[in-house]
Amino acid sequence: MSSLAAVREGYERFDPRAYLQNNYVPPRADFSSEDCVVPWKLRCLAETFASGEIRGRTLIDVGSGPTIYQLLSACDHFEEIVATDYLAVNREELQRWARGEPGTFDWSPFIQHVCKIEGRGEPWQEKERRLRGRLRRILPIDVHRPDPLGSPLRPPADALLSAFCLEAVSPDRATFARALGHVGSLLRPGGHAVLLGALGESFYLAGAARLPVVPLAEDDVRGALAGAGFVLRRFCSYAMPPALRTGVDDVDGVFFAHAQKPMEA
């Protein structure tokens, strides 16, 4: 069995609810401290989209998982958001949230926090309504195929967002770099890519699933972006403090990257 096949097999046991519980409730989602990892991620996203430079018709979110927090600041700047995931259980979780079904994960603290840091005085329910309205497609994706969606995105996306996906489904750095190139093909020339991901992580837990992760250093991410033809615009990182090392993974830190695909000559 190839390493990539082993990764795919592991994800058959992925439990979306366990993953959310491990990562998106306290202590990691503690909104009382800006130094906590989840507020740090939300601030990086809010600051990047606040510039107004990243905007257009379509944003594609690559490997959405069962989460929507990564789309909260982005949704104000696009007419349509296309969420994607390899796993049907994650796509179903997103569809239930988009329909407003009872019993889905409560993202309201995240939405309230984003509204607070964006500082526009917007009721959080309005942002929630807008994101639901713009989340128009939830599609299957396989980032290891040269054409990840099975057919080209028409028109190509104006921006690409991906959070904690590529390193978590790649058995080695070379596969990570290739996957980044594959998803870059979904983006129009001149389009922007916004990435969040894990540094120095070798595994994470999601219920019965123990999923391998390729441990990345900052230079690995920078090199993969350059190799995929992107121009790096911003890069920053977060060191996971001891209090947030809860045993559900062995992550050392988180990176945030904003890069741009050059215009064609």
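**Figure 1. Surroundings of E79 in the predicted model.** E79 touches G56, R57, R134 and R136, not counting residues up to four places away in sequence. The structure shown here and in the other views is a predicted model. E79 lies in strand β2, which spans residues 78-85. With a relative accessibility of 47%, E79 counts as partly exposed.

Figure 2. T58 belongs to strand β1, formed by residues 56-62. This residue is buried, its relative accessible area being 1%. When neighbours within four places in sequence are set aside, the contacts of T58 are F78, E80, V82, A157, D158 and A159.

**Figure 3. Crossing of helices α5 and α6.** Two packed helices are described by the angle between their axes and the distance between the axes. For α5 (residues 108-118) and α6 (residues 124-134), the axes come within 9 Å and cross at roughly 110°. The two helices, α5 and α6, are therefore roughly perpendicular to each other. On the α5 side, the residues that meet α6 are S108, I111, Q112, V114, C115 and E118; their partners in α6 are W124, K127 and E128. Sorted by class, this contact of α5 with α6 comprises four nonpolar, two polar and three charged residues.

**Figure 4. Burial of helix α5.** Because eight of its 11 residues are buried, α5 is largely enclosed by the rest of the structure. The buried positions of α5 are S108, F110, I111, H113, V114, C115, I117 and E118. These buried residues pack against α3 and α6. After α5 comes G119, which has a positive phi, near 70°.

**Figure 5. The largest nonpolar core, seen around F110.** In soluble globular proteins, nonpolar side chains tend to be buried together. Here the largest nonpolar core contains 92 residues, and W107 and F110 have the most contacts inside it. Helix α3 (residues 37-50) gives the most to this core, contributing eight residues. Apart from its neighbours within four places in sequence, F110 is in contact with Y24, A29, F31, V38, L42, Y69, L72 and F105.

Figure 6. The disulfide count is zero. For C36, the closest cysteine sulfur is that of C44; the two sulfurs are 13 Å apart, too far for a bond. C36 counts as buried, at 6% relative accessibility. For C75, the closest cysteine sulfur is in C115, at 8.8 Å, which is also too far for a bond. C75 counts as buried at 0% relative accessibility.

Figure 7. Most residues other than glycine have a negative phi, and most peptide bonds are trans. The peptide bond from P26 to P27 is cis, with omega near 15°. P27 is placed in the loop between α2 (16-23) and α3. R154 and P155 are likewise joined by a cis peptide bond, with omega about -15°. The loop holding P155 runs between β3 (135-140) and β4 (157-163). F164, a residue other than glycine, has a positive phi, near 55°. F164 is located in the loop between β4 and α7 (173-184).

Terms used
Residues are numbered from 1 along each chain as its sequence is written. This is a predicted model: local features need pLDDT of at least 70, side-chain atom pairs count only at pLDDT 80 or more; totals for chains, interfaces and linings use all residues. Side-chain values use heavy atoms; hydrogens and water are left out. A disulfide is a pair of cysteine sulfur atoms within 2.5 Å. Buried means under 20% relative accessible area, exposed over 50%, partly exposed in between (1.4 Å probe, protein chains only). Axes are lines fitted to C-alpha atoms, for helices over the stretch in contact, and angles run from 0 to 180 degrees between N-to-C directions. Helices (H or I, at least four residues) and strands (E, at least two) are DSSP runs, numbered from the N terminus. Angles under 35 degrees count as roughly parallel, over 145 as roughly antiparallel, 65 to 115 as roughly perpendicular and the rest as oblique. Contact means heavy atoms within 4.5 Å. Ala, Val, Leu, Ile, Met, Phe, Trp, Tyr, Cys and Pro count as nonpolar, Asp, Glu, Lys and Arg as charged, and the others, Gly among them, as polar. A nonpolar core is a set of buried Ala, Val, Leu, Ile, Met, Phe, Trp, Tyr and Cys residues joined through side-chain atoms within 4.5 Å.
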